[in-house]
Amino acid sequence: MKVPILTYHSSNIAGNDYDSNNHVALAEDLRTIARLGLRIVSVTEVVDALLGEVPQSSVENAVALTCDDGSFFDWHDMEHPHYGPQRGFAGILRDHTEQTGRRAQMTSFVIVSPDARAVLDVTCMAGRDWWRDDWWREAAREGVIAIENHSWDHNHATLPRTVQHEQRKGTFSTIDNRADADAEIRAAADWLDAHLAPQRSTLFAYPYGEWNDYLVREYLPRHAHEHRQRAAFTGEPHPVEANTDRWLIPRYVCGHHWKTPGELESLLREMRG
Ligand SMILES: [Zn+2]
């Protein structure tokens, strides 16, 4: 078992080229994946295989796709104030399936708190109400973009207040105790389950890709019946293999771990040995 998980950010739009625009990159990467004869599976299927719930052969020659933060452009096409019309990730995936007949899907790890998103929409984007959750339910139902947990408020530095009890913000490594972990992870799962029922959130992606021993060795494994997460994802550039720790599932990040279609192709070819 050697499955690469690729990660994108739909808010990464600083031009209209592969290296400046994650929408351009995703569309191109889908063509590369198809040309190499790889299948796209969901991260849920990868976790099922890792945990032995389905045979590992079910994710052979496969890749999985994720995106982080849950902004509007995971789902919607939009007119960018500087770079013109942009196809949303969902549209790019649907286009690919329509053109090639190949299944394409992605999991979006969303920042759950509506109040946090309202502030981040101003501090991290253009303040145009592009971080709403009104598409999540429809997305969860359709299945092209699955919705999972990227914490309550990302413990984001630009928020006036986060749920981290000492306001040590801008990192996830300070989420190192029960109360803060419940506030960031369990409360986010509760909100998603209440709003997206009958869907259940079971996967968590660490904000900033940062974890600590408390989360990995204690909170996530020992309180699973409470937070209900089955696996957690980092941003470390490795494939998922049979011995991967379920609380430290690695992912390759577009723009960091590969910057060109050629780099992605070599990365994917390496998987096949
Ligand atoms: Zn994030």
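A residue counts as buried if 20 or more other C-beta atoms lie within 10 Å of its own. By this criterion, 8 of the 8 residues of strand β4 (residues 62–69) are buried, so β4 is largely enclosed by the rest of the structure. The structure described here is a predicted model.

**Strand β4 and its partners**

Strand β2 (residues 5–8) runs parallel to β4, and 4 bridges join the two strands. Within this pairing, Thr7 has Thr66 in β4 as its bridge partner. Strand β3 (residues 39–41) also pairs with β4 in the parallel sense, over 3 bridges. Here Ile40 stands opposite Val63 in β4. The two pairings are set out below.

| Strand paired with β4 | Sense | Bridges |
|---|---|---|
| β2 (residues 5–8) | parallel | 4 bridges |
| β3 (residues 39–41) | parallel | 3 bridges |

**Packing of helices α1 and α3**

Two packed helices are described by the angle between their axes and the distance between the axes. For helix α1 (residues 22–35) and helix α3 (residues 89–100), the angle is about 30 degrees and the axes are 10 Å apart. Because angles under 35 degrees count as roughly parallel, α1 is roughly parallel to α3. The crossing in which α1 passes α3 is right-handed.

On the α1 side, the contact involves His23, Leu26, Ala27, Leu30 and Ala34. These residues meet Phe89, Ile92, His96 and Thr100 in α3. Taken by class, the residues of the contact of α1 with α3 comprise 6 nonpolar and 3 polar residues, with no charged residue.

Methods. Residues are numbered from 1 along each chain as its sequence is written. This is a predicted model: local features need pLDDT of at least 70, side-chain atom pairs count only at pLDDT 80 or more; totals for chains, interfaces and linings use all residues. Axes are lines fitted to C-alpha atoms, for helices over the stretch in contact, and angles run from 0 to 180 degrees between N-to-C directions. Angles under 35 degrees count as roughly parallel, over 145 as roughly antiparallel, 65 to 115 as roughly perpendicular and the rest as oblique. A crossing is left-handed if the near helix is turned anticlockwise from the far one by less than a right angle, and right-handed if clockwise. Two residues are in contact if their C-beta atoms, placed from the backbone, lie within 7 Å. Ala, Val, Leu, Ile, Met, Phe, Trp, Tyr, Cys and Pro count as nonpolar, Asp, Glu, Lys and Arg as charged, and the others, Gly among them, as polar. A residue is buried if 20 or more other C-beta atoms lie within 10 Å of its own, exposed if 12 or fewer, and partly exposed in between; C-beta atoms are placed from the backbone. Two strands pair if DSSP finds at least two bridges between them.
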